Amino acid sequence: MKFFVDTADVADIKDLAASGLLDGVTTNPSLIMKANRPMFDVIKEICALVPGPVSAETVSTDHKRMLEEGRKLAKLAKNVAVKVPLTPDGLKTCKVLRSEGIMVNVTLCFSAAQALLAAKADASFISPFVGRIDDNGHDGMMLIDEIMTIYRQYPHFKTEVLVASIRHTQHVVRAAKMGAHVATVPPNVLRGLFKHVLTDIGLKAFLDDWAKTGQSIL
Ligand code: E4P
C-alpha cells in the first residue's frame, strides 16, 4: 500500500519524506490556502522533495479552462498528478489529459457509481472521501469496500483507489485490509501510525534492564 501525505506544508513534507515511507503527496485548494503561499512555488518544491505523484488541483469547472489549467499544472514537474473534480467536465478533462500521458487524480468521489465512471475515463487515481462520509452519519469505508469489489471484477481497470479524507489510523488499517492501493494521510495521522503505548513501555523496560548490565554495543 502506498502512503501519500495530504498537506501543502513543505516543511512537514520534508520531515516525513526523510522517514522513507512517503510515496506521494496530495494537495487541494483548501490546503494551498492554509499554506498561504503561491501554489506554483509550493507544488514545484514538493515535486522536488518527493519523487512519487504530487496532486495539484484545477479550479475551473468548465472543460476548456480545466484542461488549460491541467496542462499548465502538469508542466510544473514530471511527477504532477492533475486533480479534477468528479463532474462530467472533470471526467472529460481526465480522458484528454490521460491521452496526453498526464497523471490524473479524480477527486470528490462519494459513490461507487462515480468511481466506476472515473475508471472508465482512465483516471490514474480515484479519491473517495471517507472522512466526509463519516461526518455525515455513514461509514465511509463501506464505499472503499464497494469500489474495490467493483474494480476487482475488471482487471483491465488501471485506476488506483486513493483513500482520501482520512481522519484516523483505523481508516488506514481498514483501507489496507481492503487492498486499497493508496491512502493519503494527514501528517498527524501518519505520525500516529507509529504509536503504541506498549512499544513505549516495552522500550523503556528493555533500556532500563540494559543499563543495569553495564554493557555497551558501540
Ligand atoms: C485529498 O486528496 C483530499 O483533498 C483530502 O483528503 C480531503 O480531506 P478533508 O475531508 O479532511 O478535507
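Lysine 83 stands opposite asparagine 105 in strand β5. Lysine 83 itself is found in strand β4. The chain crosses from β4 through α5 to β5, and this β-α-β crossover is right-handed. Right-handed means that, with the strands pointing away from the viewer, the path from the first strand over the helix to the second runs clockwise. Helices (H or I, at least four residues) and strands (E, at least two) are DSSP runs, numbered from the N terminus.

The model is predicted: local features need pLDDT of at least 70, side-chain atom pairs count only at pLDDT 80 or more, and totals for chains, interfaces and linings use all residues. Residues are numbered from 1 along each chain as its sequence is written, and side-chain values use heavy atoms, with hydrogens and water left out.

**The barrel and strand β4**

Eight strands form a closed barrel in the order β1-β2-β3-β4-β5-β6-β7-β8, with parallel pairing. On average, neighbouring strands of this sheet are turned by 30° against each other, direction ignored; the angles come from axes, which are lines fitted to C-alpha atoms (for helices over the stretch in contact), and run from 0 to 180 degrees between N-to-C directions. Two strands count as a pair if DSSP finds at least two bridges between them. Strands of a sheet pair through backbone hydrogen bonds, either parallel or antiparallel.

Strand β4 covers residues 80-85. On one side, β4 pairs with strand β3 (residues 54-57) in the parallel sense over four bridges, where glutamate 57 stands opposite lysine 83. Five bridges join β4 to β5, and these two strands also run parallel. β3, helix α4 (residues 63-74) and β4 make a right-handed β-α-β unit.

How many of the six residues of β4 are buried? Six of the six are, so the strand is largely enclosed by the rest of the structure. Buried means under 20% relative accessible area, exposed means over 50%, and partly exposed lies in between (1.4 Å probe, protein chains only). In a regular strand the side chains alternate between the two faces of the sheet. Both faces of β4 are covered: Val80, Val82 and Val84 are buried on one side, and Ala81, Lys83 and Pro85 are buried on the other.

Lysine 83 counts as buried because its relative accessibility is 4%. Leaving out residues up to four places away in sequence, lysine 83 touches Thr26, Thr27, Asn28, Ser55, Ala56, Glu57, Thr58, Asn105 and Thr107. Contact here means heavy atoms within 4.5 Å.

Strand β5 (residues 103-109) is joined to strand β6 (residues 125-128) by three bridges, and the two run parallel. Cysteine 109 stands opposite proline 128 in β6.

Helix α6 spans residues 112-120, and its buried residues are Ala112, Ala115, Ala118 and Ala119. They cover an arc of only 115° around the axis, which puts them on the same side of α6; the arc is that of the directions from the helix axis to the C-beta atoms. The buried residues pack against α5 (88-99), β5, β6 and α8 (140-153). On the other side of α6, Ala113 and Lys120 are exposed. Just after α6, aspartate 122 takes a positive phi of about 65°.

**Salt bridges**

A salt bridge is a side-chain nitrogen of Lys or Arg within 4 Å of a carboxyl oxygen of Asp or Glu. By this rule the count comes to twelve salt bridges. The table gives some of them.

| Pair | N to O distance |
|---|---|
| Glutamate 68 and lysine 64 | 3.6 Å |
| Arginine 71 and glutamate 100 | 2.5 Å |
| Aspartate 209 and lysine 212 | 3.3 Å |

Glutamate 68 and lysine 64 both lie in helix α4, four residues apart, about one turn of the helix. Glutamate 68 is partly exposed at 46% relative accessibility, while lysine 64 is exposed at 60%.

The salt bridge between arginine 71 and glutamate 100 links distant parts of the chain: arginine 71 is in helix α4 and glutamate 100 is in the loop between α5 and β5, 29 residues apart. Arginine 71 is partly exposed at 32% relative accessibility, and glutamate 100 is partly exposed at 38%.

Aspartate 209 and lysine 212 both belong to helix α11 (residues 197-213), three residues apart, about one turn of the helix. Aspartate 209 has a relative accessible area of 44% and is partly exposed; lysine 212, with 67%, is exposed.

Asp12, Asp15 and Arg191 are linked in a network of salt bridges.
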